[in-house]
Amino acid sequence: MKALQYRRIGAPPEVVTVPDPEPGPGQVLLKVTAAGVCHSDIAVMSWPAEGFPYELPLTLGHEGAGTVEALGAGVSGLHEGDAVVVYGPWGCGTCAKCAEGKENYCLRAAELGIFPPGLGTPGAMAEYLLVDDARHLVPIGGLDPVATVPLTDAGLTPYHAVKRALPRLVPGSTAVVIGTGGLGHVAVQLLRAMSAARVIALDVSEEKLALARTVGAHETVLSDAQAVGKVRELTGGTGAQAVFDFVGAEPTVRTAGAVAAVEGEISIVGIGGGSLPVGFGALPFEVSVNAPYWGSRGELIEVIGLARTGAVAVHTETYSLDEAPLAYERLHAGQVNGRAVVVPHG
């Protein structure tokens, strides 16, 4: 089968031919219908050789959707042809966090060498994907896999962050979304669907701010040296009760800290390498700062439920598997508006 692999440190990914996978006991083989292209993959391909955590070559793609092609021995509850998406942050399934469905916070994954697809385990940028356990699959029925596959990360990750902030997002509150790309433009929709907060979106691109307005942002602000003052002005000087940074670079985390209100919450979701000092006087009183990772299996089911009602929809651009390297080039150059999705069998 064809697969998109990261094969050499510092080199661009390549479309290659690899052996077709076969499901062993408890495993499920999917015929991939869609795979999302994520900034996290670019971050992985930017890491130096020293300390690189995965074995190469690595088939990319941690957002996957497909139809069940074959079932390994002992698998029940699924049938060939079922349309599903893949819950990405695989865990051991038995620790205390996994028992809560929070496999994203599995306590034993590192110890046991368990990695997500595309982030250590062969991923979805291929014609077929081997899934380790049926519990990591969520049925999507008649939903469009191209429109749905980004919800497994670009939907689930902001959903997890927004859900924990909901007690602060009462009528009259403000939420700030920094970075309105793949995850951020979904976060705007989730905030509108799940809260009464006014939503202010920040980005460096007028094109992405236009997308943010289209999907529901009440206000948009160009993310430049004047952004903090403009957000403070829009909030009457008090700042935002919740700030979601989907970039996570040093300039954006500084902006996040500067626009947060007293008793506000800052979620640094992006993996841009920035950090925010926390201590008396560093931030407004009683601001909490967190760095969430993905979301739970139950939350993915909830996100799919929102998609079924039309409350959230991902803006997508589609590419063939042969065009997948181009999709990563465009994403790295900031030319993707929304989410790029690869369709292997298109």
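**Entry 1: contacts and overall build**

I began with contacts (heavy atoms within 4.5 Å): among those in the protein chain between residues at least 6 apart in sequence, 69% join residues at least 24 apart. A note to myself before going on: this is a predicted model, where local features need pLDDT of at least 70 and side-chain atom pairs count only at pLDDT 80 or more, while totals for chains, interfaces and linings use all residues. Residues are numbered from 1 along each chain as its sequence is written, and side-chain values use heavy atoms, with hydrogens and water left out.

Next I looked up the secondary structure, and found eleven helices and 16 strands in the protein chain. Both are DSSP runs numbered from the N terminus: helices are H or I with at least four residues, strands are E with at least two. The radius of gyration is 20 Å, close to the 20 Å from the globule rule for 346 residues, so the chain is as compact as a globular protein of that length. That radius is taken over C-alpha atoms, and the rule is 2.2 Å times the number of residues to the power 0.38. I also noted that the C-alpha trace spans about 60 × 40 × 40 Å along its principal axes.

**Entry 2: inside and outside**

How much of the chain is buried? I found that buried residues make up 53% of the 346. Here buried means under 20% relative accessible area, exposed means over 50%, and partly exposed is in between (1.4 Å probe, protein chains only).

**Entry 3: aromatic rings**

I then turned to aromatic pairs: rings of Phe, Tyr and Trp (its six-membered ring) pair if their centres lie within 6.5 Å, with planes under 30 degrees apart counted as stacked, over 60 as edge-to-face and the rest as tilted. The count comes to seven aromatic pairs. One of them is Y54 with F115, edge-to-face at 5.6 Å centre to centre and 85 degrees between the planes. Y54 counts as buried at 16% relative accessibility, whereas F115 is partly exposed at 31%.

I checked F280 and F285 too: their ring centres are 5.9 Å apart and their planes at 50 degrees, so the pair is tilted. F280 and F285 are both exposed. Finally, I spotted one aromatic cluster formed by Y6, W47, F52, Y54 and F115.

**Entry 4: two single residues**

Where does K102 sit? I found K102 in the loop between α2 (96–99) and α3, partly exposed with a relative accessible area of 30%. Leaving out residues up to four places away in sequence, K102 touches Y87, K97 and S296. The C-alpha atoms of K102 and E299 are separated by 9.1 Å, although these residues are 197 apart along the chain.

My last stop was V188, in helix α6 (residues 184–194). V188 counts as buried, at 0% relative accessibility. Beyond its neighbours within four places in sequence, V188 is in contact with V177, V199, A212, V215, G216 and A217. The C-alpha atoms of V188 and V162, 26 residues apart along the chain, are separated by 9.7 Å.
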